[in-house]
Amino acid sequence: MEGVKHIVAVASGKGGVGKSTVTVNLALAMAAEGYRVGILDADIYGPSQAQMLGVGEGVRPQSAGENRFKPLEAHGIQAMSMAFLVDIREPMVWRGPMVAGAFQQMLTQTVWDNLDYLFIDMPPGTGDIQLTLAQKVPVDGAVIVTTPQDIALLDARKGIEMFRKVNVPVLGVVENMSLHICSNCGHSEPIFGEGGGERIAQEYETQVLGRLPLTLSIREQVDGGQPTVVAEPKGEVTATFRDMARQVADQIRGQGTEGPEISFSE
C-alpha cells in the first residue's frame, strides 16, 4: 500500500472483548515509541474509533483528488473510519458485498502520509472484510484479542485459524479483562477465568503480548475520546501497551512476510 510500510490487523473471533480499545491504545503506544502510525476502522456496521479518538461528529476528511481523501488526525495519529463519512446514527443496512466494497474503498483510496504502521481494527468474525483484507494487501501480522473465558477462547481460535489459512503470521495474543481490582478495597478477582490467553498461545505456538485489567478508568477514557495511553502516559496500563508495541515492532522487523495465499477445500 502506498504510504504504508507495515500493516497489523487487530482481530477477535467475537465482539465485546475490547478489541477496538486495544487497537487504539496499541496504535497510540506505537506512536509514543517514535513511529508514524495510523488506524483504519474496518468495522463498517459499528465503527467506534471516531469516538475513541475524540473526533467530533460531522468532521469529514479532506479530498485529495478524484475519489481519494486524506485521513483525519487525532492524538498524533492518522485515522480513517466509516464514521467520518456517514451520519453515525444511520445504520449500514448493507449486504456482504457492499460492506466489502466500502472497506476496499477506504483501504485503497485513503492517502496515508508515510506511515510506519497501519493498525486495522477488524470487525468480529471471519467473513467478507477479513477475506478482502487478505486478498488485497500484504498484512505483516495479526494480533488476537480475547478474554480469559472459555467462550471467548473458542472464537479466538477461529480468528487464529483464519489468519493461518491466508498465510498471515499471528504475532501474539492480548488477554483483556484478565483481572478485576476493586477500586474501593483493592481485592483482585479473575472474573472471566484465568490462564486463557496462555493456553491459546501455547496451543498455537505464539505468545501472550500482554494482559490488561478490567477497570472503570479504561472504559471511561476511551468513551471520552482520551484513551489510556493519552490520559495516563506514565501509568501502569500505558506501560503494558508500550511493551506490547515494542514486541510487535520487534517481531515484524525480524520476519520476512510472504503475501497472503488463499485456498479453499470442501
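**Pockets, cavities and one threonine**

Tutor: This model is predicted. Let's start with the largest pocket: 25 residues line it, and those nearest its centre are Pro 47, Ala 50, Gln 51, Ala 83 and Ile 88.

Student: What volume does the largest pocket have?
Tutor: A pocket is an open set of points where the probe fits, so we ask how much space the probe spheres fill there. For the largest pocket, that comes to about 340 Å³.

Student: Which helix gives the most to the lining of the largest pocket?
Tutor: Helix H2 (49-52) and helix H7 (216-223) each supply at least two residues of that lining. With four residues, the top giver is H2.

Student: How many residues in the lining of the largest pocket are nonpolar?
Tutor: Sort the lining by class and you find five polar and five charged residues. The nonpolar count is 15.

Student: How much space lies in the second largest pocket?
Tutor: We use the volume filled by probe spheres again. In the second largest pocket, the space is about 250 Å³.

Student: And which residues are closest to the centre of the second largest pocket?
Tutor: This pocket is lined by 13 residues. The closest to its centre are Leu 179, Ile 181, Pro 213, Thr 215 and Val 237.

Student: Which helix has the largest share of the lining of the second largest pocket?
Tutor: H7 and helix H9 (236-253) both supply at least two residues here. The largest share is three residues, and it comes from H9.

Student: How many charged residues are in the lining of the second largest pocket?
Tutor: By class, this lining has six nonpolar and five polar residues. The charged ones number two.

Student: Which helix gives the largest share of the lining of the largest cavity?
Tutor: The largest cavity has a volume of about 40 Å³. Its lining is Gln 130, Leu 131, Leu 133, Ala 134, Met 162, Phe 163 and Val 166. Helix H4 (128-136) and helix H5 (150-165) each give two or more of these. The largest share, four residues, comes from H4.

Student: How many residues in the lining of the second largest cavity are polar?
Tutor: This cavity holds about 30 Å³ of space, and its lining includes Ser 12, Gly 13, Thr 126 and Gln 130. There are three nonpolar residues and no charged ones. That lining's polar count is six.

Student: Let's finish with a single residue. Is Thr 110 buried or exposed?
Tutor: Thr 110 is in the loop between helix H3 (96-109) and strand E5 (115-121). Its relative accessible area is 3%. Buried means under 20%, so Thr 110 counts as buried.

Student: Which backbone oxygen does the side chain of Thr 110 reach?
Tutor: Leaving out residues up to four places away in sequence, Thr 110 touches Phe 69, Pro 71, Met 80 and Gln 105. Its side chain also reaches a backbone oxygen at 2.6 Å. That oxygen belongs to Met 106.

Terms used: Residues are numbered from 1 along each chain as its sequence is written. This is a predicted model: local features need pLDDT of at least 70, side-chain atom pairs count only at pLDDT 80 or more; totals for chains, interfaces and linings use all residues. Side-chain values use heavy atoms; hydrogens and water are left out. On a 1 Å grid over the protein atoms alone, a cavity is a set of points where a 1.4 Å probe fits but cannot get out, and a pocket is an open set with protein on both sides within 12 Å along at least five of seven lines; lining residues have an atom within 4 Å of a point. Ala, Val, Leu, Ile, Met, Phe, Trp, Tyr, Cys and Pro count as nonpolar, Asp, Glu, Lys and Arg as charged, and the others, Gly among them, as polar. Buried means under 20% relative accessible area, exposed over 50%, partly exposed in between (1.4 Å probe, protein chains only). A polar contact is a pair of N or O atoms within 3.5 Å; within protein, one must be able to donate a hydrogen and the other to accept it, and residues adjacent in sequence count only if both atoms are side-chain atoms. Contact means heavy atoms within 4.5 Å.
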